[in-house]
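Biologist: Please take a close look at one part of this model, the nonpolar core, and go through its aromatic rings.

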Amino acid sequence: MLSEVGKDMETGNKVIDEAIQGSATTLDLKEVGNRKVYIESYGCAMNFSDSEIVASILSKEGFNTTNNLEEADVVFVNTCSIREKAEQTVRQRLRSFQKAKKAKPEMVIGVLGCMAERLKSKFLEEERLVDIVVGPDAYRDLPNLVKQVDEGKKAVNVILSKEETYADISPVRLLSNGVSAFISITRGCDNMCTFCVVPFTRGRERSRNPETILNEARELFGQGYREVTLLGQNVDSYLWYGKEGLKKDYETLSEEEKKQSMNFAQLMEQVAQISPKLRVRFSTSHPKDITDEFLDTMAKYDNICKYIHLPFQSGNTRMLEKMNRGYTREWYMGRIDKIKEVMPDCAISADIIAGFCSETEEEHQDTLSLMEYVKYDFSYMFKYSERPNTQAEKKYKDDVSEADKSRRLAEIVALQRDHSYEANKAYVGRTYEVLVEKVSKKSDQELAGRTSQNTVVVFPKENYKVGDYVQVKVDNCTGGTLLGKAKESQESR
Ligand code: 5AD
Ligand code: SF4
């Protein structure tokens, strides 16, 4: 499952609901109209990536993107349902649009993504301001739906698909730094973790045609991008078998399908071979599916970033079973051992849930002890939030008290803080290759980029620029950021 984008909110470690706004400057528009669309995205990287697909579909109909709400003709909010709090944030935001709509009554307001899928037409009753409700597999229908609203109707399309991967759509890069971009490689999820709403909001798992993935990556590289992140709810279960369709296991493929098949390790290798100057990242890995073949591929290529987001959710096997995660504590530890064996310098992060149904104090201690075992570089940490219609909601009682959930979460957060600090300290004194992503927020004389391990490094600008690979010697760290200085003699890849 994909973790949310951004830093530092609910849990003190990472921001959960950070909005992006579309930028009009990146659009290559056909002059068929000049309506303006404003898109705001919440939740995981997949939503941000989907908003770029939406911008692309609408640009073909003459919609230009804007980052100014007041001047928008159409406003879309791409929503997240993962926890109740994420939904509350979206509802508040929708209400805050009231002022803009009053000033411009013809403004069309639409809801995209997981909340749209979960609530369907109920959304129109609950939030009277909304004109359009569109699920994640129905974005091609957006131009028609906007037309329906222009004709005075409300419009809903929440049909989930068994084939849609938007493979042929070339995303409009919103708010791009021109250096890093997302490429989605699968859609949906078949895992059915009992706590999770995603299989219901994003539908069944499908893998995207690898040719279109490779072409997109090559094109981005040609345009000057230097980093791509391959996205899926569970990238490890990527399997192309000659056509877009429901997920299959390799063993069940016909001989013909096997011949055409490509798994995640093979896809990754091909993306890595595009250029040693193109960094490749991926998210999210699943402990039950991450293979030795994939880890060996990762180790083989310097440009595959040494960073794995490997959610464990709970350190206790009874909880993991109840969550339907498909692995035990020991299996998870075995995967960590393997990662550390083949890539001793690989950073690892996790998602952790505190207070899942019937979790005892001892079981919570197992989560803390697993954290001690792995020493994650950072984590996304959550209190369990019961979601309507999930297996957990139907079968189990949400019976850990709010006070216990909060305290357990606080213990997890405190331990993670220590581990993150330790991890950052270990970088000091060493030299890392940094891909420069932007000018630092604090000073225009400093640049900011990331190491292969995904840690942010800030260093004096000198003559370097965004998009450069720079060898930086780290001499200090503050919070989640490393501070350093470019080494005098630079070897570039
Ligand atoms: N309650 C709390 N956290 C959840 N997650 C998913 N569903 C829930 C829920 N119902 C967390 C998991 C997942 C991450 C993206 O969100 O840790 O990996
Ligand atoms: Fe991730 Fe499990 Fe949810 Fe799928 S069902 S998105 S694997 S948490």
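Modeller: What follows describes the core and then some ring pairs.

This is a predicted model, in which local features need pLDDT of at least 70, side-chain atom pairs count only at pLDDT 80 or more, and totals for chains, interfaces and linings use all residues. Residues are numbered from 1 along each chain as its sequence is written, and side-chain values use heavy atoms, with hydrogens and water left out.

A nonpolar core is a set of buried Ala, Val, Leu, Ile, Met, Phe, Trp, Tyr and Cys residues joined through side-chain atoms within 4.5 Å; buried means under 20% relative accessible area, with a 1.4 Å probe and protein chains only. The largest such core has 54 residues, and Leu 230, Phe 264, Phe 282 and Ile 308 touch the most other members. Helix α10 (residues 264-272) gives this core its largest share, six residues; helices are DSSP runs of H or I, at least four residues, numbered from the N terminus.

Phe 282 has contacts (heavy atoms within 4.5 Å) that include Leu 230, Phe 264, Phe 294 and Ile 308, leaving aside residues up to four places away in sequence.

There are 14 aromatic pairs in the structure. Rings of Phe, Tyr and Trp (its six-membered ring) pair if their centres lie within 6.5 Å, and planes under 30 degrees apart count as stacked. Phe 264 and Phe 294 are stacked because their ring centres are 4.8 Å apart and their planes at 25°. This pair joins helix α10 to helix α11 (residues 292-300), 30 residues apart. Both Phe 264 and Phe 294 are buried. Phe 312 and Tyr 376 are also stacked, at 5.5 Å centre to centre and 5° between the planes.

Note on methods: Chains lettered and ligands numbered in written order. Buried < 20%, exposed > 50% of the residue type's maximum accessible area, 1.4 Å probe, protein only. Helix = DSSP H or I, 4+ residues; strand = E, 2+ residues; numbered from the N terminus. Phe/Tyr/Trp six-rings, centres within 6.5 Å; stacked < 30°, edge-to-face > 60°.
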